[in-house]
Amino acid sequence: MAVTGDETESGSTGDMSAYQLRNPSSSLPQGVTINAAHSSQQPVEDASRKRELRLMKNREAARECRRKKKEYVKCLENRVAVLENQNKTLIEELRALKDIYRHKVE
DNA sequence: ATCATGGATCGTCATTTGCG
DNA sequence: CGCAAATGACGATCCATGAT
């Protein structure tokens, strides 16, 4: 369970809480940073953009993942229905054959 | 009309997986 | 081994439905 500190981004972030480190957009409007007065905010903005991109990609990955899972489950349910029908048919066939056999030995 | 409840869907974080 | 994509788990929100 090694907590991997989530990215190598977020450079000199002083006393931000762990939550804020992971969620820089949670308390500040997008693009607004603590040290906005200086031009050294460039790496911060860069990290923020990087994070937004990562979140966007993961959001779409999650959607796709759920779509695939739904499809997979539907396939399984179809297969179950087919096998249940086959099973029914085979049971019926076996019953008929047994019947024929019984009449022969009698 | 209002509330409680359960299911569906979503976004996010943490972890796993597979590839270069 | 490092990285990006895939996936599991969790909490938040929305919506439908039944009970009061």
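**Note on the predicted model: chain A and DNA strand C**

1. Of the 106 residues in chain A, 6% count as buried (buried: under 20% relative accessible area; exposed: over 50%; partly exposed: in between; 1.4 Å probe, protein chains only). The accessible surface of chain A is about 9700 Å², of which carbon and sulfur atoms supply 57% (Shrake-Rupley method, 1.4 Å probe).

2. This is a predicted model, in which local features need pLDDT of at least 70 and side-chain atom pairs count only at pLDDT 80 or more, while totals for chains, interfaces and linings use all residues. Residues are numbered from 1 along each chain as its sequence is written, chains are lettered from A and ligands numbered from 1 in the order in which they are written, and side-chain values use heavy atoms, with hydrogens and water left out.

3. The secondary structure of chain A consists of two helices and zero strands (DSSP runs numbered from the N terminus: helices H or I of at least four residues, strands E of at least two). Helix H2 covers residues 42-105. An unreviewed UniProt entry places a "coiled-coil region" at residues 66-100; such annotations may be inferred rather than shown by experiment. In the model, that span is 100% helix and 0% strand, and its end C-alpha atoms lie 51 Å apart.

4. Lys57, Asn58, Cys65, Arg66 and Lys68 surround DNA strand C (near: a heavy atom within 4 Å of the strand). By class, this surface has three charged residues, one polar and one nonpolar (Asp, Glu, Lys and Arg count as charged; Ala, Val, Leu, Ile, Met, Phe, Trp, Tyr, Cys and Pro as nonpolar; the others, Gly among them, as polar).

5. The structure holds five salt bridges (a side-chain nitrogen of Lys or Arg within 4 Å of a carboxyl oxygen of Asp or Glu). Side chains of opposite charge can pair when their charged atoms come close. One of the bridges links Arg49 to Asp46, with the closest N and O atoms 3.6 Å apart. These two residues are three positions apart in helix H2, so about one helical turn separates them. Asp46 is partly exposed, at 38% relative accessibility.

6. Arg67 and Glu64 form a salt bridge with an N to O distance of 2.9 Å. Both lie in helix H2, three residues apart, or about one turn. Arg67 is partly exposed at 43%, and Glu64 is partly exposed at 37%.

7. Arg95 and Glu92 form a further salt bridge, at 3.5 Å between the closest N and O atoms. They too are three residues apart in helix H2 and are separated by about one helical turn. Glu92 has a relative accessible area of 43% and is partly exposed. Elsewhere, shared partners join Glu64, Arg67 and Glu71 into one salt-bridge network.
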